[in-house]
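Colleague: I have a model open and would like to go through it with you. Could we start with the surface and then turn to the details?

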Amino acid sequence: GKYNIVFLTDPSEKREMNYKKKIKRIEAYHKREIINETIKNETIDFLIVSDKLHINNIKWFKSLGVKLIAISHDIYEKNKLTKDTTKLKEIGLFDVYIHSTIDEFNKYKYLNLNNNIIIPNMISLKSRENKRSNLAYQNIMMLSQLDEYKINEFILSMMTLVQKRVPKFTLNIFSPDQPIEESIGLINTLNLTNNIFFIPFQNISNYFKNTSLFLYGAENNNYKDILIRAKMYGIPCIMISDSLKRYYFQRGVLKSDINDNR
């Protein structure tokens, strides 16, 4: 309701995606004269385009007096950018350049671009609900590899203390690895069998809504989007690995050293 939205498209085709009928659609794709008229008649302030535009078209759009926002096709551009590429000059012409993955965002920042931002899960259409945890439950999520040293140190140094303060807490541990017998034995020894559960990694999406704390212990870069999702749900996050510096955000995540029991 705050903005009017106009689609500048090709002519209609069969099996198109549905969209709200309040959105005006104008067949103006590749038609400069109609695009120019539409921007004037509809008072267009922001124009969202693909980053695949030719540099001449980028400059032409800019000449129309609109803020030009590009959506990156990250999946096609991986490992192709260098400091000498002409693509960087084209990207610099956009007012805003949007990424959907952290790796690409970091790569562009490293190349000294200052107009790029990240919108994680930007193209996901699976859920339209307001993704916020109500933080009302004593549930903790943890994502980590299940190597013996790390997971056992974590259980010893943190969960026994948590149990004293919050006896009925639940810790759901998600990992691509299988639970280790030593860890299961440690949980039994500490009488935490009613508190700690190992959940298949593929079920992780079902737990964000009812979680009040997210613990991130993954040592590699394969699961950064999971941490982003936890932040999107408004869940307080604690990182128990040393990889925060690799991430797009440098704040909003607490850092904990599991080797320091105190």
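Modeller: The chain exposes about 16500 Å², and carbon and sulfur atoms supply 50% of that area. Please keep in mind that this is a predicted model.

Colleague: And what share of the residues is buried?

Modeller: Buried residues account for 40% of the 262 residues in the chain.

Colleague: How many helices and strands are there?

Modeller: The chain contains eight helices and twelve strands.

Colleague: Which strands make up the open sheet, and in what order?

Modeller: Four strands form this open sheet, in the order β3-β4-β5-β6, and their pairing is parallel. The edges are β3 (46–50) and β6 (116–118), each of which pairs on one side only. On average, neighbouring strands of the sheet are turned by 30° against each other, direction ignored.

Colleague: What holds such strands together in general?

Modeller: Strands of a sheet pair through backbone hydrogen bonds, in either a parallel or an antiparallel manner.

Colleague: How many bridges join β4 to β5?

Modeller: Three bridges join β4 (residues 67–71) to β5 (residues 96–99), and the two strands run parallel. Within β5, V96 is the bridge partner of I69.

Colleague: Which helix lies across β5 and β6?

Modeller: That is helix α5 (residues 102–110), which runs at about 160° to β6.

Colleague: Changing topic: how many salt bridges does the structure hold?

Modeller: It holds three salt bridges. In one of them, D95 pairs with K62, with the closest N and O atoms 3.1 Å apart. D95 lies in the loop between α4 (86–91) and β5, whereas K62 belongs to helix α2 (residues 55–63), so this pair ties together parts that are 33 residues apart in sequence.

Colleague: Are D95 and K62 buried, partly exposed or exposed?

Modeller: D95 is partly exposed, at 26% relative accessibility. K62 is also partly exposed, with a relative accessible area of 33%.

Colleague: Where do K24 and E42 lie?

Modeller: The side chains of K24 and E42 meet in a salt bridge, at 2.9 Å from N to O. K24 is in strand β2 (residues 24–27) and E42 is in the loop between α1 (32–41) and β3, so the pair links parts 18 residues apart in sequence. K24 has a relative accessible area of 40% and counts as partly exposed; E42, at 29%, is likewise partly exposed.

Colleague: What is the partner of E16?

Modeller: E16 forms a salt bridge with R25, and their closest N and O atoms are 2.8 Å apart. E16 is partly exposed at 33% relative accessible area, and R25 is partly exposed at 24%.

Notes: Residues numbered from 1 in each chain as written. Predicted model: local features only at pLDDT ≥ 70, side-chain atom pairs only at ≥ 80, totals over all residues. Heavy atoms only, no water. Pairing = 2+ DSSP bridges. Axes fitted to C-alpha atoms, helices over the stretch in contact; angles between N-to-C directions. Contact = heavy atoms within 4.5 Å. Buried < 20%, exposed > 50% of the residue type's maximum accessible area, 1.4 Å probe, protein only. Areas by Shrake-Rupley, 256 points an atom, 1.4 Å probe, with all protein chains shown as cover. Salt bridge = Lys/Arg side-chain N within 4 Å of Asp/Glu carboxyl O.
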